[in-house]
Every structure is written in C-alpha cells, then in structure tokens.
Amino acid sequence: GWFCNRAHLPALTKIITRKAKASAKHRGSSQNFEVRITALCGKVDGARKALSTLRRNGLDLQLKAIEGERINVEEDNDCQAVARFDTLEEYLSFEENTLKPNQSDTSSDYRAQSLADVCLLCVPIPKMVEAIGMCLRAGKCVISEKPVSPNPRQSQSLWEACKCLQASDRWLVSENWAHKASLTSMKSHLNAEIV
C-alpha cells in the first residue's frame with residue numbers, strides 16, 4: 001500500500017539501477033546477476049499504483065497477463081514484463097502447479113523457470129506471519145519488515161517453523177526506520193551532543 005509506494009519501491013528501484021550498472025562492469029563474472037521485478041501480487045489498482053511509482057523512479061515496466069500456461073522464461077519473462085497475481089497464494093500456487101520439476105530437472109533448472117527467487121513482502125502486520133511461512137515453505141528467500149507479527153507468541157512460532165524448515169538463512173527482516181532522515185539527523189545531533 002502506501003508505505004510500499006513511498007519507501008520500498010523507490011529503494012528497490014535504486015537497487016535495480018545500481019546493480020544493472022555494476023553488472024555492466026562485471027560481464028562474465030560471478031558478480032554478474034540480475035535484480036529485477038518479475039511479479040506483483042495484489043489487485044489491479046494496487047499493481048497499477050506500484051507500476052506508476054516504479055516508472056516515476058526510472059523503471060519502464062509493463063503488466064502482463066498470466067493465462068495459466070507454462071512460462072517460457074527466455075521469451076516471456078523479460079525484464080520489462082511484470083506478471084500480476086491477485087494474491088500471494090495465487091502466485092505460489094501458479095509456480096507450484098505450472099513449474100513442477102520433472103525427474104530430469106535439476107534444482108537450478110527449476111529456479112531458472114520460476115518467476116522469483118526472492119519475495120519482498122509488503123503486507124499488513126496481521127498477515128505477515130502467514131505470508132512469510134507460505135514463501136519459506138515454497139522455497140523462496142524472503143525479505144520482510146519488522147515487526148513480523150502482531151505479538152511475540154506468533155513471532156516465536158514463526159521462528160520455530162523457520163528453524164524446522166532449515167530456512168533461517170533465507171529470511172531477512174528489515175527495519176527501515178533506521179534510515180529515515182529524521183532519525184539520521186537526530187543521531188548526528190546526539191553524537192555531537194547538541195541535544
């Protein structure tokens with residue numbers, strides 16, 4: 001919603017732009033990988049607002065329809081096209097049902113065909129625990145905000161489930177307040193003993 005358009009998407013745009021410039025310098029090296037937006041989960045109006053924010057910040061992206069057929073990554077999933085799903089569940093179900101690896105596929109083949117390796121979750125706090133769990137169970141890396149749940153009990157149960165999935169290295173919790181201009185200014189005042 002609002003905070004995603006004000007903070008997450010502009011920051012993500014900067015990361016994508018910076019990585020594209022760095023990749024151009026390191027062609028052929030292990031440092032050469034792409035960062036891009038491949039799917040948005042949410043209603044059409046929300047996805048249009050997100051695309052508008054991304055475009056204002058320098059990314060030219062277009063929504064594409066997903067009809068349920070297997071995606072040909074090389075032809076259909078280029079960096080300009082973004083798939084839209086109504087819900088996170090719909091997206092994860094799409095990948096599970098259309099990109100099931102067969103016995104000859106390696107895990108890298110399967111990952112190359114999936115729309116995303118990482119899910120950046122921008123959902124209301126009461127829905128965060130469920131969203132994080134779904135993504136981790138689907139094998140995705142997850143970036144979520146703090147707080148991760150409305151209460152400590154749910155946070156603890158999520159952490160226990162994460163350990164059972166051996167997914168603690170695939171979940172990053174980000175605290176954005178530390179980078180707000182007002183807090184940075186306050187820190188410099190405190191360090192200078194002005195306050």
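Biologist: Is cysteine 41 buried, partly exposed or exposed?
Modeller: In this predicted model, cysteine 41 has a relative accessible area of 39%. Buried means under 20% and exposed means over 50%. The value for cysteine 41 therefore puts the residue in the class called partly exposed.

Biologist: How far is the sulfur of cysteine 122 from the closest cysteine sulfur?
Modeller: Cysteine 122 is partly exposed, with a relative accessible area of 27%. The closest cysteine sulfur is in cysteine 4, but the gap is too far for a bond. The distance is 3.7 Å.

Biologist: How many disulfides does a search of the whole structure find?
Modeller: The sulfur of cysteine 41 is too far from its closest cysteine sulfur for a bond, and so is the sulfur of cysteine 122. The search of the whole structure gives a count of zero.

Biologist: What are the elements of the protein, and how many strands are there?
Modeller: From the N terminus on, the elements run α-β-α-β-α-β-α-α-β-α-β-α-β-α. The secondary structure comes to eight helices, and the number of strands is six.

Biologist: Which strands stand at the edges of the open sheet?
Modeller: Three strands form this sheet in the order S4-S5-S6, with parallel pairing. Two of these strands have a single partner strand each, so one side of each is left without a neighbour in the sheet. They are S4 (118-120) and S6 (171-174).

Biologist: Which residue in S6 is the bridge partner of glutamate 145?
Modeller: Strand S5 covers residues 141-145 and pairs with S6 in the parallel sense over four bridges. The bridge partner of glutamate 145 in S6 is serine 174.

Biologist: Which helix lies across S4, S5 and S6?
Modeller: The helix in question covers residues 125-137 and runs at about 165 degrees to S5. Leucine 121 is found in the loop between S4 and this helix. The helix is H6.

Biologist: Is leucine 121 buried or exposed?
Modeller: Leaving aside neighbours within four places in sequence, leucine 121 is in contact with residues including Leu88, Met128, Val142 and Glu145. The C-alpha atoms of leucine 121 and leucine 88 are separated by 9.4 Å, although the two are 33 residues apart along the chain. At 5% relative accessibility, leucine 121 counts as buried.

Biologist: How wide is the arc that the buried residues of H4 cover around the axis?
Modeller: Helix H4 (residues 88-98) has Leu88, Tyr91, Leu92, Phe94, Glu95 and Thr98 as its buried residues. Their arc puts them on the same side of H4. The arc is only 155 degrees.

Biologist: What is the angle between the planes of phenylalanine 85 and tyrosine 91?
Modeller: The structure holds three aromatic pairs. One of them joins phenylalanine 85 and tyrosine 91, 5.4 Å centre to centre. Both residues are buried. The pair is tilted, with the planes at 55 degrees.

Biologist: Which residues do ring pairs link into a cluster?
Modeller: Phenylalanine 85 and phenylalanine 94 have ring centres 5.4 Å apart and planes at 45 degrees, so that pair is tilted. Phenylalanine 94 is buried, as is phenylalanine 85. The cluster consists of Phe85, Tyr91 and Phe94.

Definitions and conventions: Residues are numbered from 1 along each chain as its sequence is written. This is a predicted model: local features need pLDDT of at least 70, side-chain atom pairs count only at pLDDT 80 or more; totals for chains, interfaces and linings use all residues. Side-chain values use heavy atoms; hydrogens and water are left out. Rings of Phe, Tyr and Trp (its six-membered ring) pair if their centres lie within 6.5 Å; planes under 30 degrees apart count as stacked, over 60 as edge-to-face and the rest as tilted. Buried means under 20% relative accessible area, exposed over 50%, partly exposed in between (1.4 Å probe, protein chains only). A disulfide is a pair of cysteine sulfur atoms within 2.5 Å. Two strands pair if DSSP finds at least two bridges between them. Helices (H or I, at least four residues) and strands (E, at least two) are DSSP runs, numbered from the N terminus. Contact means heavy atoms within 4.5 Å. Axes are lines fitted to C-alpha atoms, for helices over the stretch in contact, and angles run from 0 to 180 degrees between N-to-C directions. The arc is that of the directions from the helix axis to the C-beta atoms.
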